[in-house]
Amino acid sequence: MGTYQTSKCGHCKKTWAFMEYGGDSSCGPSVIKCVHCNSLNKTKMKLYRDMTPLKRFTFWLGRGLVKPIYGLFMIGLGLGILYWQYLTVEENGQTPMAHMLEINNWFGIIFFHAIAIGLAWLGISQIKDTLSIKKQINQMEELFDENGGYFWSNQQY
């Protein structure tokens with residue numbers, strides 16, 4: 001489970017990111033250089049190429065398996081709301097959408113459509129992110145090598 005954390009330099013104590021989502025992955029730069037004082041700060045992260053096979057397996061389990069399943073669940077939930085609105089029949093013989101239109105409940109119509117679209121969009125973004133993991137890893141490793149073995153703090157946070 002991810003946490004929210006404040007990231008700052010271990011030397012000059014300047015804050016890089018205040019209460020940002022810390023993520024749930026240990027994949028990242030092992031060294032970060034502060035843009036304020038040019039000090040090197042070690043992190044608990046490792047580049048993908050430096051991870052052990054077990055760490056790689058848990059990384060792919062979380063990002064490559066759990067995340068797309070979560071995305072499909074969100075898409076299904078959004079489609080389920082639309083199914084409920086348009087295809088289920090209430091006791092009065094109407095669908096919930098027809099009933100909301102009959103009583104001019106525009107807030108309900110907009111609200112339920114927004115929830116359905118938002119959930120589907122969240123699911124699609126989770127799946128898109130999963131499909132771009134390898135590209136993100138390659139870009140991270142290239143930038144790490146270009147900088148000479150570190151990330152600048154403003155590149156990471």
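Aspartate 129 is located in helix 3, which spans residues 106-131, in a model that is predicted. The side chain of aspartate 129 is joined to that of glutamine 136 by a polar contact of 3.0 Å. When residues up to four places away in sequence are set aside, aspartate 129 touches Arg63, Lys67 and Gln136.

Alanine 120 is classed as buried because its relative accessible area is 19%, and buried means under 20%. Apart from neighbours within four places in sequence, alanine 120 is in contact with Met74 and Ile75.

Helix 1, formed by residues 53-87, comprises 35 residues and reaches 48 Å from its first C-alpha to its last, a span close to the 51 Å expected at 1.5 Å a residue. A kink of about 30° is found at valine 66 in helix 1, shortly before proline 68.

Three strands form an open sheet with mixed pairing, arranged in the order 4-3-5. Strand 4 and strand 5 (151-152) are the edge strands, each of them pairing on one side only. Strand 3, made up of residues 31-33, runs parallel to strand 5 and is joined to strand 5 by two bridges. Lysine 33 stands opposite tryptophan 152 of strand 5.

Threonine 43 lies in the loop that connects strand 4 (40-42) with helix 1. With a relative accessibility of 25%, threonine 43 counts as partly exposed. Setting aside residues up to four places away in sequence, threonine 43 touches Pro29, Ser30, Val31 and Ile32. A polar atom of the threonine 43 side chain lies 2.5 Å from the backbone oxygen of proline 29. Threonine 43 and isoleucine 32, which are 11 residues apart in sequence, are 7.2 Å apart in space from C-alpha to C-alpha.

Considered as a whole, the protein chain has five helices and five strands, and from the N terminus on its elements follow the order β-β-β-β-α-α-α-α-β-α. Of the 157 residues of the protein chain, 32% count as buried. Among contacts with a separation of 6 or more, 52% are accounted for by residues 24 or more positions apart.

The confidence of the prediction was considered last. The mean pLDDT of the protein chain is 86, with 90% of its residues reaching 70 or more. Where pLDDT is low, the predicted coordinates should not be read in detail.

Terms used:
Residues are numbered from 1 along each chain as its sequence is written. This is a predicted model: local features need pLDDT of at least 70, side-chain atom pairs count only at pLDDT 80 or more; totals for chains, interfaces and linings use all residues. Side-chain values use heavy atoms; hydrogens and water are left out. Helices (H or I, at least four residues) and strands (E, at least two) are DSSP runs, numbered from the N terminus. A polar contact is a pair of N or O atoms within 3.5 Å; within protein, one must be able to donate a hydrogen and the other to accept it, and residues adjacent in sequence count only if both atoms are side-chain atoms. Contact means heavy atoms within 4.5 Å. pLDDT is the predictor's confidence in each residue, from 0 to 100. The expected span of a helix is 1.5 Å times one less than its number of residues. The bend at a residue is the angle between axes fitted to the seven residues ending there and the seven starting there. Buried means under 20% relative accessible area, exposed over 50%, partly exposed in between (1.4 Å probe, protein chains only). Two strands pair if DSSP finds at least two bridges between them.
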